[in-house]
Structure formats: C-alpha cells, structure tokens
Amino acid sequence: MAASKIFVTGASGFIGQALVVKLLEQGHHILAADDSRSAIDSPHQASVSNLKLDRLDRAALLPHLSGCDCVVNLAHPHQGTLQEQLRSAIESTQALLQACAEAQVKKFVHISSTSVYGDPPPSRIITEESPCLASLRPQTSIQQALEHLVLQTEAGDTEVVVLQLGRVYGPGKGGETARTLDQMKTAFMAIARYGTGYCNPIYIDDVVTAIIRACEGSNLHGQRFIVSHDQPVLWKELLCGYESILGTKSLIHLPIDYQCDPQDSIPFFREAVSKVLKKRKVMEGTSAIAKKIYGKSIYYPSADEFRSLVAQPIFSNQKSRDRLDFQPQISLQTGIERIREWWGQNLPETV
Amino acid sequence: MSIPFISDDQIVIVGSGPTGTVAAWTLVKAGFKVTLLESGCSFPKSLHLRVRDREIRRPYALELRDHVAYPQFENLDDPLTRWFKAHLLGGLGSFWGGVVLRFSPEDFTEGESISERYRWPIGYADLEPYYSRVEHLIGVSGGKVSVPVLPACHVNHTLEVPPEFSDLAAAAQKLDRWLLPANHVYGKSTLFSQIPSPANIGVRLLGQLRRHKNFRLISNAHVTQLHLHQTKALAAGVEYLDRQSGELCFQSGRAVMLAAGQLGSTHILLNCSNGIINADGLIGRYLHDNMYAAYTYQIDRPPLKESLVSYLTRPDYSKAKPLQTTGFQVYAGALNQKPLANSKLRSNLGLGSPPPQDEGVPLLFACFGTQIPHDSRCVSLHPHAKDEYGLPLLRISTRQDSDDIATLDEGRRAVEALMEIAGWQFSSKSSAIEPPGTSVHFGGTVRMHTDPKLGVVNAVNAMHEIPNLFVIDASCFTTSVEKNPTLTAMAIAMRAADLLSQNSRSLGH
C-alpha cells in the first residue's frame, strides 16, 4: 500500500497500538483517535496526530476525515448503563460512517468479533453465512447491532468491510494475555471440562496483517470476514502455555461444565491439594487454604466464561483466504514463545 | 423413527410448566388418559421445598442450573432482547416469582375500543370459576379486598398492607390507583426474592399425579413437529426428539395441547406450517411483552424495614389510555437496587450474584407495563439455520417504541407523585428500563380471537382449522395486561381442559 492517511479510532487499545505501530513502520500518516489518550510510543512520532474525542460527532469528525484514505474503527463503548452504551455506540458509529461518506473516505474497516455468531458460538463449523445467535452478554449484543448497522447504512462511495476477530492474544499491555497472566499469577484458575473447549486464539501480528489487507483490498464492499485459525486450539493448550511462562502451577481442571458455587468445587480442589500435600486435612474454605498454602486465591470464571470454556466452535477462514489473501502465520507455539520473551522483559512493569 | 407407543385414547400435553400441569391435572381428574411430554429432566432428585424459612437453596439451585436452557435464537430488532427457557420439570414456573393476580373484567374489554383485533373472545365471567379452582389448587396468600381494577382472589391467608405503607395507600387513592397486599402463592411469610421459586406448581402437582394410572410423564422429550391426520383436519400426534438417546419418536393422541411456554408453542407451530396450520401467516405475529422497569428510591423518611411485597395497581380505566398502563410490585428492602427479574434470573442462571446491599433499606417499584400488540412485533423462522434440536432457528423481532417508553415513564412519574403526596422524603437511586423479554412474559403469538383472520385459536383455545389442537399457554393472550399473567394463563388452561373433557365425545377420529 502506498503511503496514505489512515484514521484509527480506539487507537490506544491493545489492537490499536499494535496496528498504529505497524502502519507507521510502513510509512503511513496516522490520525489516532481515542477518548483516553495515552501517546503512541514509536520512533515515527512525527507521522502521528493524536486526537482526543470523547464523543464522535459528524461535524467534529469531518475536518479530520477529509483527505483520509481509510478509517479503521476499533472503538468500543465502555461507560454507562447497557442502554446508554448501546445508544452511544450506535450514534457514534453512525456519525463516523456519515462523516466518512461525506468526506469521501475510500474505505471503512469495522472491527468486530467472532462472538457475534453466539457467545459462546454453537459447537459446529461457523462461516460468514452462519446466523448471529442472540447472546446474554451485552457487549456481544452491541457488537451484533453495530455490525448490522455498518453493513446496512448507506455510506456513499465508502467501501465498508467488517472483520470478525477470534480471541486476540499476544504481548502488550491492555490485552487479554496480560490480563490472564496477571490473574494466573495471583490466583488459581478453575477451568471447566478439563479445558477441552476450543479457544480459537489469533496472534496480534496476524490480526494487524488482516486489518492491513482489508485496508488494501478492493471490491470488498459489504463483506464480513472471519479472522481466525481454522484448526481448533484447546483452552488447555493456551492456558498451559501461559502456565509455563509463569513457571507456577495455576490451573485447576474441573470435569464439570457449568459454573458452580465456589463451595461445590471444594471436592475437586481438595483432591488437587491432597495430591500435593498427601496427608493434610482440609477443613477450611478453598480460597483460604489456597491463600495459606500457596499465597494465591482462586479465580472462578463467571458462567459466561465457563460456557465459553466448554464450547467447541470451529471458524472457517476460507473466505478471508480467498478474498483477502490472508492466512494466520503464527502458530500457538511461536506465539507463546514471543509472549514468554515479552513477559520476561516487562515483568516489573506488569506487576 | 421408532414408534414406541400408539394409542388414540391419550391426550398429549406438551410442556410441564404451570399451564401444562394444570391442564393435565384437570383432565386426569376427569378420567382421561394424559401423556405429558417435557423436554427437561424428570423429578429433581434433591428438591427441598421449604416454604416457611428461606432455606430452599443449594441442592435445588444446582439441579436447576443444569437444566436451564440458553435457547439459540436471532434478534432481528432490539439487539438486547432476551428469551429464556427452562428445560426441567415445572418449566419456567421454577423461576416464577409467585405473584398471583386476577385480570379484571375491563382487562378483557378495554382493547375493543381501539380496534376489533384487540377483542378477547372470552371475558372475566368465563374465567371466574376457573380462577377460583386454580387458586384453591395452588393456595394463595393475599388481600381480600376487591377494587375496580383488581378483583380479589380466594385467599387462604389474609394479608394486610404493612402499617408503614398506610400513607402511601392513602396517597394512591388520590391518583386513582390502589395499594394492596400482593397476592402470592403459599405461606404468609414467603418473600419472593428467594429463587428458585418455592412456587414450582409443576413439580408440586405432578408429584401428586405421577403414580396415577391415567398419567404418563415422558421426560427428555423435546417436541419438534406436529403430525396431522392424513385425511381429516385433525392433529394425530407429535414427533419428539429423545434428548438422551437422540432418537426421533412419535406420540399419538386424540387431542394435542401445546403448553411449551413463552414462544415454545409458537416455535413448534411455525415449524409445521403447512396449508392448514398457519395458512394466513398469523402465527408468530402480535407479539407482546410485559415491559419491565425497575425504579429504586432511597427513602429517608419514614424509616422502612424489609417487609412483605405490596402491589400498586394500575389507575382506574377512565384515567389511562387503553392498553397503555403500568402496575407495580413494591419491595421494601427485600431486594437491592438491582432490577428484580434481572437479578433473579441472573443469580439463577449463574450469571453472578447480586451486588452487596448498601446501607439503609431501598424501596423498589418493579414496574410492569403493557405493550400494544402491534402486528410488526413478531417471531419467525430462519430460512435455513437450525437450532440445537434441529428446529429452524427462531428469530425475534421486537422493540420498545416511543409509546412504550412513554408508558413506563408515566409510571415512574406516578410513583414519584405518590411518594410526594404521602409526604415521604426520597431520592432516586436508579431507574432502569430493561430490554424486551426481561420479565419472561412474552405472549400473543398464537392469539385467541373469534375471527380466524385475526386469531389462531378460538374461545376454547382450539385452533380454528384443527379442533383437536389446543394452545393453552400465555401465547394465546389477545392483548397484554400489566398484571402478572401466570394465574390467568393457568385459569385459561384449566378452562380449555375442562371444556375439552365436557365435549370430548365430539372429538376423536
């Protein structure tokens, strides 16, 4: 792609930062918009203009968008009640789209997630044609609504593309990886059905590549693309990888499917503990014991997380292979090795 | 497909929720053979129904959680729409708050003034004897005073409005509303905040029926299709998926009663749309919901304590627009500011426990609003995608329009006016309008109407075209009423079963 002007919303997020750094390397000029401003750390500072936008409204956006070649929409709402989040997400996305159409931006890349197919998605092969099942998780409902909105809204000559990302992992602050590692460091983590559900992770660098391909590609208007590996990766593979990075034992494998009361996992935990301690009688609450023995409490995933832990969906990336010429390059092993490196270097910061 | 059991003397009932069990009970007592199909488990093993204290907790809750279904469906309109199902004996009745309210005579007639399509084919007089019978069956605690908008139930335990609410009751009169004790099932000290509900009518009635020679329960049977008689316009039986063996089975019967709960019966009927069923495309249309909003106030004066639930009625019929009104359950301290239905369901479905209660006792007005059943709100089937049972995926298309929001907002102003008149000092803590489906009161998709162009079932709940196919759950409601629908749905189911037993000779093959 020739050097061009790219507008990125949600630029200070996990994906946003990685994307901006990569785009800058490629010599593009970036307009980085976000509501919370943390400056982008890059040797190409000169090409970044930081905008602080609390609310996206059309009039405020227009001057910035004129002359832009591409808009990447990574912003997502995180404040207020459900209805407020939904409303503000819809309003700001609508405003952004309108402004794009008026400023004759060539391309609008909307970033969504594979959870729009259901959260958790049904355990079968999922393609872009699969139905979007309603979810109990409000964030997913909002994502579904936004996706519907950007695909339905008349956006003039602007080409609208939707990318549905799998579970993005990789080094970097603010990402799911850093969060999970922090959690596993301070607490034991209970995982359901021995972690045999599929987690469908995709490495951050692959995601950035996919976004750039979507920016470059042509004749993609109104298309959705699943960005994921098409080979299943089990939850325990990812989490055991994290465990190996930390070098401590953190996972409690439970045979059950759904979230249960912390009290109900006592037998399983007792078993795990007694294996280690052989003889000691366990009479107190599990978290207290864990704290006493290991200096760690226990993290019980919510019911939502539990259901994600047991689902076994497979995402087909046929379409993104054919139309975007995109295929994930980084295997789980490579990804884990890179995270290990990053974690080793950044240890004091993340604590 | 295996055909394990064929007999034409059976009446097949689909669903073991409050309506299905009440119909089964009525028919078995009238000497009929009944086969009840339930998609969920059989009798829960560790069910403890302790009513007088609040120790109904974990053994049952765990059991429940295994059988709660997260039905797969697609939202076509409001993306936050919720649809709940329960795959267990007693159905969604296991999550029932237990509020028991009769509809008033005008509730059946007020829609007529707007349009012919909102005319119920039955009236209060038709249901009155069945209301009494259902109330005797389930046992009701409540007030004995009838007011124009809310007839009194037959109560076993008489309840009074708590004394600290007397100001509020007096103020309510000035606004043409009434503050009454909330009628509910079982003992006088039951608080509704305890869920799983002690009011699992399904389990309670079926427990008495289960050894009766004329009664047969088939559990793990998820009904997918209806079969019609080859030559006559009559239902021949139902096809179901045995969830344990994964096998498709068939159950024949002389009559089929659908009581598969909110949108469940509609889903089955839509799946077997053909030239006879749903010829006019009426099934699934006129969806309505009891809109739910939670208005919580911190009361500074007078001091309140946790007390029994009261009910603030709708205003008098002359004071509100037809089909646009609100009624309230009034909770002092029994719940925290988290919306009722949400927190109930949330904690039940294992979605996290309610937040810790702050200091002081908040007052929650749990507002239920009516929704005019517009033709545009509907459910339909996905053209090709299937759900986990092989039925076409259900699509729900509903939203709260500006009229609906205005109705709920008017309700909020009414309760604030009420507290001002009563001289209470209050400050608003939260007011949340919840998305469609939160109240778990969807109805109207297989509506009753005497005109086959406007309704799917007739005044005795039989389909217009197929006289031995009945829909007896709340999806037969013609309009939405702000009062909790379960008692009325049970009365309608009992009436349909009773009339069927009286007219049974005219049916059959």
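B:L323 is buried, since 23 other C-beta atoms lie within 10 Å; a residue is buried with 20 or more other C-beta atoms, placed from the backbone, within 10 Å of its own, exposed with 12 or fewer, and partly exposed in between. This is a predicted model, in which local features need pLDDT of at least 70, side-chain atom pairs count only at pLDDT 80 or more, and totals for chains, interfaces and linings use all residues. Residues are numbered from 1 along each chain as its sequence is written, while chains are lettered from A and ligands numbered from 1 in the order in which they are written.

B:L323 has a positive phi of about 65°, although it is not a glycine. B:L323 is placed in the loop between β17 (310–312) and β18 (326–332) of chain B; helices (H or I, at least four residues) and strands (E, at least two) are DSSP runs, numbered from the N terminus. Chain B as a whole has 10 helices and 23 strands, and buried residues make up 54% of its 509 residues.

Chain A also holds a residue other than glycine with a positive phi: A:N219, near 55°. A:N219 is found in the loop between α6 and β11 (223–227) of chain A, and it counts as exposed because it has 7 C-beta neighbours inside 10 Å.

In helix α6 (residues 204–216) of chain A, the buried residues include A:I204, A:V207 and A:I211. Elsewhere in chain A, a cis peptide bond with omega of about 5° joins A:D119 and A:P120. A:P120 lies in the loop between β5 (107–113) and β6 (125–126) of chain A.
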